[in-house]
Amino acid sequence: MGDVFILNTRCKLNDSIKEAFEAKGYSVKVSELGKDPDEVLREAKGFTSVCLFVNKKITSNQVEILKENGNKLVLHCSAGYDNSPTEELKAAGIRAARVPKYSPASIAEYAITQIMALCKNTHMSYVMTKKADFDITSLQCLLLEDKICGVIGTGIIGRKTVEKISGLVDKVYCFDVYPNKEWISGIKNAEYVDMDTLLRNSDFISVHVPLMPQTLHLINEEAFKKMKQDVVLVNTSRGEVVHIPSLIKALETKKLWGVALDVFEGEKKYIFHDKSKEGFKEDPNLAKLATFEHVILSSHIAFYTDQAIDQITSKTLENYEGFIGKGELDKKAFII
């Protein structure tokens with residue numbers, strides 16, 4: 001019998017979680033890479049819990065394997081949990097927990113960094129000067145202080161983004177189905193507006209919404225048509241929120257100044273992997289997206305800071321101990 005079987009996170013979470021759990025006397029195993037997903041899950045037989053991050057997924061068909069294994073708990077090392085089948089787990093009597101928040105400032109800072117990089121053409125200048133090309137003809141930048149930044153979603157991360165960028169821009173327009181009026185009253189140049197107003201008036205748009213039926217392809221062709229000319233778009237939430245074919249169309253018509261996607265639809269096969277040999281052969285839309293100079297694709301790394309790793313590890317351990325009765329069970333963290 002074991003305590004925690006970690007589906008390889010392909011990042012420092014492997015070591016951090018393993019060390020923290022073992023320091024408390026728990027047994028931990030990290031899965032090997034390169035094996036069939038079903039085969040990997042069967043190796044979790046006898047472990048109380050299976051632990052996974054955003055780069056892994058448990059499918060509906062695999063719930064039966066968890067039942068056969070005797071696994072009792074799925075530990076998500078993330079706030080989102082759309083990478084496991086909640087209803088099927090519940091029906092199988094398997095509980096699931098998540099990390100509701102971890103270093104929201106990390107993601108907020110990354111989103112703002114990408115806005116700055118695109119506005120200041122940092123990514124372009126970096127590539128050019130490596131080749132001794134110091135021509136500035138194509139490098140005129142955008143000023144931030146007279147612009148409007150739109151923030152879609154004012155949960156914990158969205159609020160941090162608003163707070164941090166409010167000092168850099170003229171106004172911040174916010175949209176959320178559940179406006180936090182008390183919070184926004186403390187930010188002089190921020191206000192809630194409807195989605196149309198945000199899309200039509202924002203010079204920069206940063207997306208911070210969970211993936212739900214209502215947010216699937218929220219940023220679609222209709223949304224792009226409403227946006228200002230030369231808008232900057234950043235998504236650090238969930239890839240499926242932005243409709244890639246519509247984004248490509250907007251880029252082809254030169255509607256956007258630039259785009260930064262730390263998450264994108266179909267990312268699971270790419271994030272945390274070196275796919276340089278294969279490229280995007282299986283995904284023509286991503287291949288096309290990667291050809292645009294003012295598109296920055298990154299590997300779901302907005303969260304990846306020292307503070308975030310510490311907080312994810314601590315909360316994952318807390319969730320496990322709450323489940324086995326060695327600590328208080330945080331009902332807000334338990335999905336099932």
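This is a predicted model: local features need pLDDT of at least 70, side-chain atom pairs count only at pLDDT 80 or more; totals for chains, interfaces and linings use all residues.

**Exercise 1. The largest nonpolar core**

Task: Find which residues of the largest nonpolar core touch the most other members, and which element gives the most to this core.

Solution: 
- Step 1. Start with the membership: the core has 32 residues, and those touching the most other members are I205, I219, F224, L247, L256 and L289.
- Step 2. Next, look for elements that give two or more residues; they are the strands β6 (148–152), β9 (204–207), β10 (231–235) and β11 (256–261), along with the helices α9 (195–201), α10 (221–226), α11 (244–252) and α12 (284–289).
- Step 3. Among these, α11 contributes the most, five residues.
- Step 4. Now zoom in on L256. Leaving out residues up to four places away in sequence, L256 is in contact with F224, D230, V231, L233, L247, A250 and L251.
- Step 5. Finally, look beyond this core: 29 residues form a second, separate one, with C11, L75, Y110 and F272 among them.

**Exercise 2. Strand β9 and its partners**

Task: Work out whether the faces of β9 are covered or open, and which strands β9 is joined to.

Solution: 
- Step 1. In a regular strand, side chains alternate between the two faces of the sheet, so sort the residues into two sets.
- Step 2. For β9, F204 and S206 fall on one side, and I205 and V207 on the other.
- Step 3. Apply the cut-off for buried, under 20% relative accessible area. All four residues are buried, so both faces of β9 are covered.
- Step 4. Check the neighbours. β6 and β9 run parallel and are joined by four bridges; I152 is opposite V207 of β9.
- Step 5. β9 and β10 are also parallel, again with four bridges, and S206 has V234 in β10 as its bridge partner.

**Exercise 3. The largest pocket**

Task: Describe the lining of the largest pocket.

Solution: 
- Step 1. Note the volume, about 1100 Å³.
- Step 2. Of the 40 lining residues, G155, H208, V209, P210 and L211 lie nearest the centre.
- Step 3. Helices α5 (104–119) and α7 (156–165) each supply at least two lining residues, and the largest share, three residues, is from α7.
- Step 4. Sort the lining by class: 22 nonpolar, 12 polar and six charged.

**Exercise 4. The second largest pocket**

Task: Repeat the analysis for the second largest pocket: how do its lining residues divide by class?

Solution: 
- Step 1. This pocket has a volume of about 440 Å³.
- Step 2. It is lined by 18 residues, and K35, P37, N55, K56 and K57 are the closest to its centre.
- Step 3. The lining divides into five nonpolar, six polar and seven charged residues.

Conventions: Residues are numbered from 1 along each chain as its sequence is written. Side-chain values use heavy atoms; hydrogens and water are left out. A nonpolar core is a set of buried Ala, Val, Leu, Ile, Met, Phe, Trp, Tyr and Cys residues joined through side-chain atoms within 4.5 Å. Buried means under 20% relative accessible area, exposed over 50%, partly exposed in between (1.4 Å probe, protein chains only). Contact means heavy atoms within 4.5 Å. On a 1 Å grid over the protein atoms alone, a cavity is a set of points where a 1.4 Å probe fits but cannot get out, and a pocket is an open set with protein on both sides within 12 Å along at least five of seven lines; lining residues have an atom within 4 Å of a point. Grid points are joined across faces, edges and corners, and a volume is the space filled by probe spheres set on the points. Ala, Val, Leu, Ile, Met, Phe, Trp, Tyr, Cys and Pro count as nonpolar, Asp, Glu, Lys and Arg as charged, and the others, Gly among them, as polar. Two strands pair if DSSP finds at least two bridges between them.
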